Amino acid sequence: MLPLLIRFARAVDWTTRQLGKLASWAVLLAALISAGNAFIRYGLDMSSNAWLEIQWYLFAATVMLGAPVVLSLNEHVRVDIIYGKLKRNGPVYVDLFGLVFFLLPVMGLMFWLTWPFFWGMYQTGEVSGSIGGLIRWPAALLLPLGFGMMFLQGVAEIIKRVAHLTGLHTMDTQYEKPLQ
């Protein structure tokens with residue numbers, strides 16, 4: 001059973017990496033649009049709310065699609081009081097506790113709360129109240145998509161850690177304290 005779950009975890013990792021690539025392109029596009037928008041606004045004295053809103057949408061894509069990548073790379077924020085002092089499998093057990101009792105419940109709840117929010121916008125075709133504004137459902141879709149992917153990545157991380165503890169998967173448990 002565990003080898004099948006490891007394949008599932010690898011599929012989630014692959015999906016996360018693909019969405020992470022979209023997030024990295026969103027950063028670049030947001031920067032280019034921001035620079036272009038500033039030039040057009042101040043250099044040509046023209047403006048459009050759509051250009052401002054697309055920057056917000058791209059920022060949302062960066063955060064919501066990039067967060068699962070950070071979790072998969074094991075670069076997420078931790079409370080470092082105890083974690084850095086643990087040896088051997090100690091960090092793995094702490095990770096498992098945090099994933100099971102904190103990450104999964106919160107991400108599941110957030111997905112459950114944001115799906116109807118997105119769906120309502122999609123069904124009504126809600127548009128920004130700003131003149132020249134964009135439709136809102138694509139940005140709202142990023143919420144359940146991001147929370148859902150964080151949930152799935154959390155499940156994948158649990159699988160990998162259990163597999164590590166049983167000897168079926170190797171993972172680097174070395175922890176580097178962040179530089180201050």
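Reader: What should I know before I start?

Author: This is a predicted model, where local features need pLDDT of at least 70, side-chain atom pairs count only at pLDDT 80 or more, and totals for chains, interfaces and linings use all residues. Residues are numbered from 1 along each chain as its sequence is written, and side-chain values use heavy atoms, with hydrogens and water left out.

Reader: How are two packed helices described?

Author: Two packed helices are described by the angle between their axes and the distance between the axes. Helices here are DSSP runs (H or I, at least four residues), numbered from the N terminus. An axis is a line fitted to C-alpha atoms, for helices over the stretch in contact, and angles run from 0 to 180 degrees between N-to-C directions.

Reader: At what angle do the axes of α2 and α5 cross?

Author: Helix α2 covers residues 49-72 and helix α5 covers residues 137-166. Their axes come within 8 Å and cross at roughly 5 degrees. That makes α2 roughly parallel to α5. The cut-offs are these: under 35 degrees is roughly parallel, over 145 roughly antiparallel, 65 to 115 roughly perpendicular, and the rest oblique.

Reader: Which residues of α2 and α5 meet?

Author: Contact means heavy atoms within 4.5 Å. On the α2 side, the residues include Y57, A60, M64 and P68. On the α5 side, they include L142, G146, M150 and Q153. By class, the contact of α2 with α5 has 15 nonpolar, 4 polar and 2 charged residues. Ala, Val, Leu, Ile, Met, Phe, Trp, Tyr, Cys and Pro count as nonpolar, Asp, Glu, Lys and Arg as charged, and the others, Gly among them, as polar.

Reader: How does α1 pack with α5?

Author: Helix α1 spans residues 2-43. The axes of α1 and α5 are 9 Å apart, at an angle of about 140 degrees. That makes α1 oblique to α5. The crossing of α1 past α5 is left-handed. Left-handed means the near helix is turned anticlockwise from the far one by less than a right angle; clockwise is right-handed. Among the contact residues are L5, F8, V12 and L19 of α1, and L152, Q153, I159 and V162 of α5. The contact of α1 with α5 divides into 14 nonpolar, 4 polar and 3 charged residues.

Reader: Are α4 and α5 roughly parallel or roughly antiparallel?

Author: The axes of α4 and α5 come within 8 Å and cross at roughly 160 degrees. The two helices are therefore roughly antiparallel to each other. Their crossing is left-handed. The contact of α4 with α5 has 27 nonpolar, 5 polar and 3 charged residues.

Reader: How is a pair of aromatic rings described?

Author: A pair of aromatic rings is described by the distance of the centres and the angle of the planes. Rings of Phe, Tyr and Trp (its six-membered ring) pair if their centres lie within 6.5 Å; planes under 30 degrees apart count as stacked, over 60 as edge-to-face and the rest as tilted. By this rule the count comes to 10 aromatic pairs. Take F97 and F102: their ring centres are 5.8 Å apart and the planes stand at 70 degrees, so the pair is edge-to-face.

Reader: Which residues form one aromatic cluster?

Author: F111, W115, F118, W119, Y122 and W137 do.

Reader: Is Q153 buried or exposed?

Author: Buried means under 20% relative accessible area, exposed over 50%, and partly exposed in between (1.4 Å probe, protein chains only). Q153 lies in helix α5. Its relative accessible area is 0%, so Q153 is buried. Beyond neighbours within four places in sequence, Q153 contacts V12, D13, T16, P68, L71, S72 and K160.

Reader: What about F97 and F102?

Author: F102 is exposed, at 51% relative accessibility. F97 is partly exposed, at 47%.

Reader: What does A60 touch?

Author: A60 sits in helix α2. A60 touches L65 and L142, not counting residues up to four places away in sequence. A60 is partly exposed, at 21% relative accessible area. A60 and G146 are 86 residues apart along the chain, yet their C-alpha atoms are separated by 9.4 Å.

Reader: Where is F117?

Author: F117 is in helix α4, residues 90-124. F117 is partly exposed, at 41% relative accessibility. Leaving aside neighbours within four places in sequence, F117 contacts A140 and L143. G84 is 33 residues from F117 along the chain, and their C-alpha atoms are 39 Å apart.
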